[in-house]
Amino acid sequence: MTAMKEKLRRFMAGRYGTDALNQFLSISSIVLLLFSLVTRLGLFTWVAFGLLVWCNYRTFSRNISKRTEENYKFYTLKDRLTGRLGGYQKMWADRKTHRYYRCPQCRQQLRVPKGRGRIQITCPRCGTQFIKKS
Ligand SMILES: [Zn+2]
C-alpha cells in the first residue's frame, strides 16, 4: 500500500494537480453525462468526455504557471458572472418599488424610486442630468 502511495507521489511530483477550474470541469462533465442520459443526445456525451479529458490534462500537466493562470481567469469569469446574476436578482426583487435606468452618457446603472412622475435624474458618476418618468 505504501509503495503504491510512494509511486503515486513520485508520479504527481512537479505536476499541477487539482484546482477550482478542474473541480468545475469534473462536476460539469458529470452533469452533462446525466443530461445526455436523460435527453439521449450523444452530443452531451462528447462534450462531457471532452471536459473530462481537459480536466485530466490539466491535473497531470507540468506547466504549472500556465495552469495557475487559467485558474485565475476562471475565477475572474466566475466573479463577473455571479456579480451580474446578483444584479439581476436585485432588480427583480425591487421591481415594484424601483426603476432602473442607464445614464445616456456613461451607461452607469441608476436606481430610482417608482411612482414620482417625471423626475430629473443626475448621474452620480458623470453628473449628466436627464428626465425620466418614474
Ligand atoms: Zn453618467
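A: Buried means under 20% relative accessible area, exposed over 50%, and partly exposed in between, with a 1.4 Å probe and protein chains only. This is a predicted model, in which local features need pLDDT of at least 70, side-chain atom pairs count only at pLDDT 80 or more, and totals for chains, interfaces and linings use all residues. Residues are numbered from 1 along each chain as its sequence is written, and side-chain values use heavy atoms, without hydrogens or water.

Q: Is Phe 60 buried, exposed or partly exposed?
A: Phe 60 is partly exposed, at 33% relative accessibility. Phe 11 is also partly exposed, at 40%.

Q: How many aromatic pairs are there?
A: The whole structure contains five aromatic pairs. Rings of Phe, Tyr and Trp (its six-membered ring) pair if their centres lie within 6.5 Å; planes under 30 degrees apart are stacked, over 60 edge-to-face, and the rest tilted.

Q: How are Phe 11 and Phe 60 arranged?
A: They form a tilted pair, 5.6 Å centre to centre with 55 degrees between the planes. Phe 11 lies in helix 1 (residues 2-12) and Phe 60 in the loop between helix 3 (42-59) and helix 4 (64-93), so the pair ties together parts 49 residues apart in sequence. Helices here are DSSP runs (H or I, at least four residues), numbered from the N terminus.

Q: And what about Phe 35 and Phe 44?
A: Their ring centres are 4.9 Å apart and their planes at 90 degrees, so that pair is edge-to-face.

Q: Which residues form a cluster?
A: Ring pairs link Phe 24, Phe 74 and Tyr 75.

Notes:
Helix = DSSP H or I, 4+ residues; strand = E, 2+ residues; numbered from the N terminus.
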